[in-house]
Amino acid sequence: MINSDIVITGSSGFIGTNLKNFFSKKKIKFTAYSRKKNSSFKYVKRYDQIKFKKNSSLIYLSQSNENTTSYKSEIATLKKLMTYDWKYIIYFSSIKVYKNNKKRIITENNPINLNNNYSKLKINSEKIIIKKKNSICLRISNIYGPYFNEKTLLDDILNNIYKKEAVSI
C-alpha cells in the first residue's frame, strides 16, 4: 500500500472514474471528490472546501471543459489548493490549449490558443501549478477506455475499424 493519501478532484469524470477503480484494485489509499452528487465519492460544492492532510498528493482533474465555466472562480479555487504543501501534484490539462494546426501534428512548440475561456483557464492553471515543487502538468489528448463517452470522433474511428468499415475524418 502507498504510504500517503491521494486526493482526486473531478472524480466523477472519465479519468477520475478509472483512477478510482485502479486505486481500489491496487489497494492505494485515496479520497475522491466531485461537485456532482453521487455515493461513490465525496461531494463538495467547491474544491477549496477539501481538508488538506499532511503527506497527501493531489490529482487535479476537475476543471470544466465548457467555455461558460467561471474562470475567476476556478482560478481562485486552484490558488487556494496550491497554498497547501502537497507531496506531489498532477494536473491534467488538455491538448485543446493549442491553436488548430492544419498539419495535424502537435508539439509543445505549437502556438497556444487564448481565444476561449477553457484554453485560458488551462494555460493559467498550468502556470500556477508548475511553480509548486513536485508538480507536473499533463496535456492529454484522445484518451480511451472503460466509461468512455461514446459520442466522440475517436470512438467512431475505433468502431469503424472494428466493423471493417471505411474510416473517414
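1. Asparagine 55 is found in the loop between strand 3 and strand 4. This is a predicted model, and in it the phi of asparagine 55 is near 70°, a positive value in a residue that is not glycine. With a relative accessible area of 32%, asparagine 55 is partly exposed.

2. Lysine 27 also deserves a check of its backbone. Its phi is positive, about 60°, although lysine 27 is not a glycine. Lysine 27 lies in the loop between helix 1 (14-25) and strand 2 (30-34). Its relative accessibility is 60%, so lysine 27 counts as exposed.

3. On aromatic pairs, a search of the whole structure finds 6. In one of them, the ring centres of phenylalanine 52 and tyrosine 84 are 5.1 Å apart and the planes are at 10°, so this pair is stacked; planes under 30 degrees apart count as such. Phenylalanine 52 is in the loop between strand 3 (42-43) and strand 4 (57-60), while tyrosine 84 is in the loop between helix 2 (71-81) and strand 5 (89-94). The pair therefore ties together parts that are 32 residues apart in sequence. Tyrosine 84 is buried, at 16% relative accessible area, whereas phenylalanine 52 is partly exposed, at 27%.

4. Two further ring features can be listed. Phe22, Phe23 and Phe30 are linked into a cluster by ring pairs. The ring of tyrosine 43 has the charged end of lysine 37 sitting over it, 5.1 Å from the ring centre.

5. In soluble globular proteins, nonpolar side chains tend to be buried together. The largest nonpolar core here has 18 residues, of which Leu58, Leu81, Met82 and Trp86 touch the most other members. Strand 4, helix 2, strand 5 and helix 3 each give two or more residues to this core. Another core, of 8 residues, lies apart from it; Leu19, Phe23, Ile59 and Phe92 are among its members.

6. Methionine 82 can be traced in more detail. Leaving aside neighbours within four places in sequence, methionine 82 is in contact with Leu58, Ile89, Ile128, Ile129 and Lys132.

7. Helix 3 (residues 117-129) has 13 residues, which at 1.5 Å a residue should span 18 Å; the end C-alpha atoms are 18 Å apart, so the two values agree. The N-terminal end of this helix is capped by asparagine 116, with a side-chain oxygen 3.1 Å from the backbone nitrogen of tyrosine 118.

8. An α-helix has 3.6 residues a turn, so residues three or four places apart point the same way.

9. Is serine 62 buried or exposed? Serine 62 is buried, with a relative accessible area of 8%. Its place is in the loop between strand 4 and helix 2. The side chains of serine 62 and threonine 9 make a polar contact, at 3.4 Å. Not counting residues up to four places away in sequence, serine 62 touches Thr9, Gly10, Arg35 and Tyr47.

Note on methods. Residues numbered from 1 in each chain as written. Predicted model: local features only at pLDDT ≥ 70, side-chain atom pairs only at ≥ 80, totals over all residues. Heavy atoms only, no water. Phe/Tyr/Trp six-rings, centres within 6.5 Å; stacked < 30°, edge-to-face > 60°. Helix = DSSP H or I, 4+ residues; strand = E, 2+ residues; numbered from the N terminus. Buried < 20%, exposed > 50% of the residue type's maximum accessible area, 1.4 Å probe, protein only. Lys NZ or Arg CZ within 6 Å of the ring centre and 35° of its normal. Expected span 1.5 Å × (residues − 1). Polar contact = N/O pair within 3.5 Å; in protein donor to acceptor, adjacent residues only side chain to side chain. Core = buried A, V, L, I, M, F, W, Y, C linked by side-chain atoms within 4.5 Å. Contact = heavy atoms within 4.5 Å.
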